[in-house]
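Please consult the sequence and the structure shown below while reading.

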Amino acid sequence: MYFGADYYPEEWPRQRWHEDAHLMADAGFNVVRLGELAWALLEPEPGRYDFSWLDDAVALLHEHGISTIMGTPTTTAPPWMVDLDPDVLRVDENGQRMVYGSWGNFCLNSPAFRLRSAIIARAMARHYGGNEAVIAWQIDNEFGVFDRARCYCERCAEAFRKWLRERYGSLAALNKAWGTSFWSHIYTRWEQIPIPRRTHTKHNPGLLLDYARFCSETTRSYLQLQAGVVREEAPRQPLTHNFLAAAYTHLDLFALAAELDVAGWDNYVPNARWVDAALSHELFRSLKRQPFWVLEQQCSYPQWPPYANLERGLARLLTYQGVAHGADGILYFRWRTGLIGAEQYHAGILPHDGRPGRVYEEIRTIGQELRQLEPLLAGALPRAQVACIVDYDSLWALEFQPHNDSLGDPWSYHRPWYRALRLQHLACDFVQPAGDLSPYRLIIAPALAVVSEEAVRNLRSFVENGGVLVLTVRSGSKDVHSRMVDKPLPGLLAPLAGATVREFDSRPAGAEVAIRFTAEEWAEEEARAALWFELLEPEGASVVARYGSGLYEGGAAVTWQPVGRGGVLYVGCLGDEVSERLLPALLRRSGVRAPVAIAAPEQVEVAIREGPAGRAVFLLNHSDAAREAHLQGPGEDALTGERLNGEVVLGPYGVRVLRM
Amino acid sequence: MYFGADYYPEEWPRQRWHEDAHLMADAGFNVVRLGELAWALLEPEPGRYDFSWLDDAVALLHEHGISTIMGTPTTTAPPWMVDLDPDVLRVDENGQRMVYGSWGNFCLNSPAFRLRSAIIARAMARHYGGNEAVIAWQIDNEFGVFDRARCYCERCAEAFRKWLRERYGSLAALNKAWGTSFWSHIYTRWEQIPIPRRTHTKHNPGLLLDYARFCSETTRSYLQLQAGVVREEAPRQPLTHNFLAAAYTHLDLFALAAELDVAGWDNYVPNARWVDAALSHELFRSLKRQPFWVLEQQCSYPQWPPYANLERGLARLLTYQGVAHGADGILYFRWRTGLIGAEQYHAGILPHDGRPGRVYEEIRTIGQELRQLEPLLAGALPRAQVACIVDYDSLWALEFQPHNDSLGDPWSYHRPWYRALRLQHLACDFVQPAGDLSPYRLIIAPALAVVSEEAVRNLRSFVENGGVLVLTVRSGSKDVHSRMVDKPLPGLLAPLAGATVREFDSRPAGAEVAIRFTAEEWAEEEARAALWFELLEPEGASVVARYGSGLYEGGAAVTWQPVGRGGVLYVGCLGDEVSERLLPALLRRSGVRAPVAIAAPEQVEVAIREGPAGRAVFLLNHSDAAREAHLQGPGEDALTGERLNGEVVLGPYGVRVLRM
Amino acid sequence: MYFGADYYPEEWPRQRWHEDAHLMADAGFNVVRLGELAWALLEPEPGRYDFSWLDDAVALLHEHGISTIMGTPTTTAPPWMVDLDPDVLRVDENGQRMVYGSWGNFCLNSPAFRLRSAIIARAMARHYGGNEAVIAWQIDNEFGVFDRARCYCERCAEAFRKWLRERYGSLAALNKAWGTSFWSHIYTRWEQIPIPRRTHTKHNPGLLLDYARFCSETTRSYLQLQAGVVREEAPRQPLTHNFLAAAYTHLDLFALAAELDVAGWDNYVPNARWVDAALSHELFRSLKRQPFWVLEQQCSYPQWPPYANLERGLARLLTYQGVAHGADGILYFRWRTGLIGAEQYHAGILPHDGRPGRVYEEIRTIGQELRQLEPLLAGALPRAQVACIVDYDSLWALEFQPHNDSLGDPWSYHRPWYRALRLQHLACDFVQPAGDLSPYRLIIAPALAVVSEEAVRNLRSFVENGGVLVLTVRSGSKDVHSRMVDKPLPGLLAPLAGATVREFDSRPAGAEVAIRFTAEEWAEEEARAALWFELLEPEGASVVARYGSGLYEGGAAVTWQPVGRGGVLYVGCLGDEVSERLLPALLRRSGVRAPVAIAAPEQVEVAIREGPAGRAVFLLNHSDAAREAHLQGPGEDALTGERLNGEVVLGPYGVRVLRM
């Protein structure tokens, strides 16, 4: 278990380094992130390097038992980069070029930027590749932040056209794929194709989807470039990257994670959205089906709204939530609040004045606890019987065409289902449509809009072998070029669903419709749906629920069709209650077993890691008041050794780790 | 009566065309719009034409009894247009040039664009001018959408200066007209005059008004260019255009309609704003004092908020509202929801999958009904005894200087009066200030800010011949250069009003003031006014109402002066209730007779067409609940033949057409 | 006492000038502002002058007893300025250059603009320097309006770099001062330094602070340039400028006022924010410790929201508020509502039609009253025993880093304290940190973030000599380069405070925390704090108040440390109630005496001028309802001669001036 924080020795006087190292060691740190913002100090002018100060910091920390995850510093290029390429700064959607003076705002298609990135990465890797204190590399920092993945400069426009030319071969193929006969956009020269800057109304959906792919691919190839040179020079040190939360959809995380050895992310999700945080944790665990790292874990006040401090206990709660979902590394951001630069008001474990205080003590406690828990957690991971499908083509297609102001975030279709699973204490993996589905009994495929024949075969095979598949609104509506399919929806998935969509209707938030289930075996209570409603026509399937009001009153809203040894539920509406009501029946039908016998109120999260040393059950109280959970069997508090059964009390934001 | 939809055969496989034609014919269609988006297919490269596919579509549809309104496709120029003129794309108010990839975003002052527009229009007109299946031409598409009428490019700046030079002759004249001594804007070279891009605070009102005129004139001359070549080649086919609703004020609709044979518009006004829809219908009827066409009638969900489907019956209600106000053509948009392009989520009569369903059935019913009603409606039109004055100079002057955040739409001054007329079931024509007023008994001139001597003479003559004229706030406040007049307001209209404005006060929405009438013959109840208050000083007029509260408590708010055989009411405040209370007395004084003896609740619209076959009375229930109207005399349901008297029930969104 | 308005004779026909002069004289005017918008008429082309019309206007007015404050017209350059320098127009934060057609949008670093400004100023000063009718000069108009002080053009970028080079000498010094090692911004060529246009996230705080200083200094040097030439040519006429209210913080008013003889400002603060208006009045009095002028006093409806007229009596109330705080000149804006130009809807004393009405009568009454009061007010000024520290470095540092959406206005930290003083009827001076503090007994230094050793010495000396000093949140947190200090806060001020800040927390508006005082001698009731909370650790100081709830419940919120013969209160939280509760104890401890024995409700402002002829006590009812004040001693109404004691009634917006 890695436990630590970033450290920016370049910001502090050398005489302070010792005290910091001592305080870190005392807090149980065994790792820090170094170097990621230090390009200008490491390479003060192109080709002149100075690693001596960093060598000293690495060595000093190592003497205190603290290893280093070394960051390539490419997110913060020095001013001389602009001398090398005056157009290196990103251009935004309005066509405006950024000025120098921030970070992460460089065009990833700039040849100079790519070249100098590879050179500094190689120089660092060569220097630290054999250093035993350096145990991993973080390539760059927060790909995808600030729309940085999407540049709209002329060079990117050219690169986009080149990418299209390779993809389509001919303009005829591209025109057909995009359906450019609409609005007379039939391109007759490649140079005519625009980069989709903001314009009147909207761009062609095919162009937009390809642009999203191109941008994600641009970042992937930039990551690959750096990963390649670092691997050459430092073959024994694993590579990671600190991505943003799942809700940042500009990058295909599966594609990018394939270039890495360990998946990582930066967790600034507020506790009020703890279900979203859990989703991100499980997504990052799923990327490589391995433990992941939280490379930046918020520990105090952030530099954005609400700016407020974390309440007492929250840093601990958020830490354990990560661990519970499979994090084997937690690094806080940041060690000490900075005195210089634009992030002076982003708090660290230590305040500006460097005096250890309340937050430091909280972190130190966590460090002690984690050391105690390590034997129990070693080799342990959540075991998912359920998976959700994630497909970036679908997320992008829906991002560009939400068709509802409340569905702007394309993860909106996943959330109600993920939440229902979480409330049942079930681990959930995320898989791609063509991925290996065999480990699972239940697959939920929310809004799988873009669907290929291969994906359909994979899902059919899963179902025929006894799995239960849930399809939802907007499924199968798009081909791979983001054209609407001309078949009745869910298009290629219709045979699996045994039903088609006769009509759909999208309503503003607040326009709720009652969903009535046709049999108690499905659900006993009715549910409220909102935002998206599809009127289903069973073609083989049986009706599971009907609309109790609204435009489609009396019409089918949910259908079920047995297929092979399994079956397919098509859910033609959206809503937390819809997913919550249907899930128990789905678990019964798919044979998913309850993971642990604990009854807990909604705000108490229950998550489990299983491994050689047994089962660690995490009770996480996300409420600001005390809450009770009820064990339906004996357990032992893994930290206090207390034997427990029945009622267990958790204080505000309280955490219990049980051996059960 | 034309009944149909757009059709984009270029989006569908040929084998589908037959089925579509059959379904259209079965729905009672006799017309479609074709060609308006097809430039790239009709002229794949400059000067090379391919009409064959369109010929086939026209012929096939004609075989099914369906004629064509042929659209010139100039709103969607192909990518090669940008090759011809790299600056053909519009520049917005911030000085940012649009990228290619949308539609309707071309600079109408681009010589290349004008030339190629004329060439494609001529080629099409030459090809289809003798085709009997083609019964009319739609020139371009939705002039004025997306601010497209107002381009801020350098070429437009030059054209604007040239236009000014022709208008003013000398800079001395221009400087005087605009009052450029304010802020030291005295121009000494024509090149100094800016195009009014966004700047600190505001531009000179004279410059803004002239820019608005120049932009409207630019679109008019572009329309004239196309209309000219089409008329030369296809002299027997009438010309139309699908404008936007009245609330889009960038174009002087009277000036543009003068280039056309039939006025037309696209109706996407939500039912919640049905009074606005009625206003637009009546405005488009007034433009040519003839029946008009609704060239795009919404029939299902739109691609903008709220995105929701139309409720059952709404497509029918909205169709009949158009017919009731004089539409002799209703074409829905669109036939089938598109599978390609940026409007994939704008619904058609047929859904994406092409299967006729609920909406198709609703449209088919309407088609049957309209065929049945045709004998009654033939040659019939609403007969207006009342008219509202519309003056684009005034609308533009007030658009640029609303002086109240709630008066940003300059039609705000018309709406309370139009609404009061509508609630009295009265048809209303819209006329220009110098237009023929002789057909009317009552003229309402809301906020006629810019007023000429000629207009004053016209209005005086109307009143002296027995008419009743209503003047309202802000009247006569501006000269033709948008300078404030130095006379007491209403300026040139003061002698007619017999009163002057001592002060005025503008208040945010919500600050309501009671208006108390001085005599029951004017109104029995008091009314609430808001937004704009003028303190009047009678100079010959008598006081009709006084302020009951607020800054002007006790002061005159409304005055009446008999003039010749008629009289003038000056209403110094705004508000639905003010107009509603005053209208009955105005009708009595002007001798306007009740058009029909029906009592109906507020949400049931009553509109009448009169013609050779008698009188068709439309009862239109804009409410989502059943409503009752009361006939004070016998009538016959023109669709069912049912004889009615007294109470008539209308279902939710229900329609009745009565022969009375 | 100067009393008058602006006058723009160039907007009106000559035959009207006589009537205007007569009406002005009749209203008691003795001064007008002339010339400030007339550059194009005074210098129709570069180097050709025409002062004849202005001479006539000056002379005519003087014949009516009305002197002139002559404005240099440089805020409104003629179009020929753009011919001289095509880049003279300001560039905004997005890098967009303004178009010509407004005012005040010129780059103050344009050599041509500076040159032509000096030339026109010299020409006017030479012409009018000996004219006895001209009694003062207003240099330019409203520096700092519309962000005009901050231009982002390339020329400003170069000038900024030059300014930095002079300030820092070397890039090494600059890099150290700004802490550019953060984000690798270490500059190796001066040309790399960006002008801080909008970018991803934020610029370096040191760069931003220096840019704010550079911009303020640019305006100061531009003012100095004009002031210099005017002084050379017109040495006997004092110089003034009409600044905006205190809340416009782009300019260091102390630095700019040093170039002037009389401080002046334009008062458009709505009555609802009367405490802010009082603050501005006292700030402008403090700039030169002399009477100041209100060069534009709103008298009717403005051209911005809410657009509404002033209620009856409000123009009088706002006038007397200025006089009460030390204004010896009140000039309304504007004389007559304009007929031409973009400010047609900004009301004057006379309406568009020029007929004197309600507003004119109100102004005339004020004129008569002021003449009557002049003997009492001559040489009289408010006498402040209390001062607030104002430091523009701190205001700018906090402007760029509010760390709370509700603290965007950096005056937010002053307001609660100023309000509490105002409710106690106490005059308050504003002084700079290194200014002369000896006249005061109580000094409040809200959020003095940037603090120098010199300032600390000055404050210490004040306290040691018996003064009471109040320090508040965020004090001492920054060095002069806007780096956070590495000491425990309040940094250099900690020894004075005798306490340090252990933590701080910023919360959104609405998150209120109870503050409980430890002794009744400090306050009897608890207070609500919000937005910013600091947890204090006494190091010598005693605890005055503790948090009663929230994250810091039980911790110290306010401390007191005796120092020398005085003492220091550190207030670690924000809130009107906090300041209000603490003020009485602070007054007792500092020996500040109650200025007058009057009990008045919150909305009745009490302000006092003392001079050779005695004491004038102003009672100003800012409420729209009648209010009572209670004199605890005899007084005499200075206007009516009525002898008063005990209860005094003020009508809505009523004013009384008492001789006491």
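In this predicted model, the contact between chain A and chain C takes 46 residues from chain A and 40 residues from chain C, where two residues are in contact if their C-beta atoms, placed from the backbone, lie within 7 Å. On the side of chain A that touches chain C, the elements giving two or more residues are α2 (39-42) and α4 (80-84) of chain A. Of these, α2(A) gives the most, with three residues. Helices here are DSSP runs of H or I with at least four residues, strands are runs of E with at least two, and both are numbered from the N terminus. By class, the side of chain A that touches chain C divides into 26 nonpolar, 13 polar and seven charged residues. In this classification Ala, Val, Leu, Ile, Met, Phe, Trp, Tyr, Cys and Pro count as nonpolar, Asp, Glu, Lys and Arg as charged, and the others, Gly among them, as polar.

Residues are numbered from 1 along each chain as its sequence is written, while chains are lettered from A and ligands numbered from 1 in the order in which they are written. Because the model is predicted, local features need pLDDT of at least 70 and side-chain atom pairs count only at pLDDT 80 or more, whereas totals for chains, interfaces and linings use all residues.

Chains C and B also meet: 46 residues of chain C are in contact with 39 residues of chain B. The elements of chain C that give two or more residues to this side are α2 (39-42) and α4 (80-84). The largest contribution on the side of chain C that touches chain B is from α2(C), which gives three residues. That side has 26 nonpolar, 13 polar and seven charged residues.

The next topic is the fold of a single chain. Chain A contains 17 helices and 25 strands. Its radius of gyration is 26 Å, close to the 26 Å that the globule rule gives for 660 residues, so chain A is as compact as a globular protein of that length. The radius of gyration is taken over C-alpha atoms, and the globule rule is 2.2 Å times the number of residues to the power 0.38. Along the principal axes, the C-alpha atoms of chain A fill a box of roughly 75 × 75 × 40 Å. Of the 660 residues of chain A, 60% count as buried; a residue is buried if 20 or more other C-beta atoms lie within 10 Å of its own, exposed if 12 or fewer, and partly exposed in between. Among the contacts in chain A with a separation of 6 or more, 73% are between residues 24 or more positions apart.

The largest nonpolar core has 710 residues, and A:L619, B:L619 and C:L619 touch the most other members. Such a core is a set of buried Ala, Val, Leu, Ile, Met, Phe, Trp, Tyr and Cys residues joined through C-beta atoms within 7 Å. Not counting residues up to four places away in sequence, B:L619 touches B:A600, B:V604, B:V606, B:A629, B:V648, B:L650, B:V655, B:R656 and B:L658.

In chain C, helix α11 (residues 314-324) and helix α12 (residues 358-377) pack at an angle of about 35°, with their axes 9 Å apart. Axes are lines fitted to C-alpha atoms, for helices over the stretch in contact, and angles run from 0 to 180 degrees between N-to-C directions. In this contact, C:A315, C:R316 and C:T319 in α11(C) meet C:V359, C:E362, C:I363 and C:I366 in α12(C). These residues divide into four nonpolar, one polar and two charged.

Another pairing in chain C involves C:D26, found in helix α1 (residues 14-26). C:D26 and C:R364 are 338 residues apart in sequence and 7.2 Å apart in space, C-alpha to C-alpha. With 13 C-beta neighbours inside 10 Å, C:D26 counts as partly exposed.

| Residue(s) | Backbone feature | Value |
|---|---|---|
| A:P305 and A:P306 | cis peptide bond | omega about 5° |
| B:F333 and B:R334 | cis peptide bond | omega about -10° |
| A:H403 | positive phi, residue other than glycine | phi near 55° |
| B:D140 | positive phi, residue other than glycine | phi near 55° |

A:P306 is placed in the loop between β7 (292-298) and α11 (314-324) of chain A, and B:R334 lies in the loop between β8 (327-333) and α12 (358-377) of chain B. A:H403 lies in the loop between α13 (392-400) and α14 (415-423) of chain A and is partly exposed, with 19 other C-beta atoms within 10 Å. B:D140, in the loop between β4 (134-138) and α6 (154-168) of chain B, is buried, with 23 other C-beta atoms within 10 Å.
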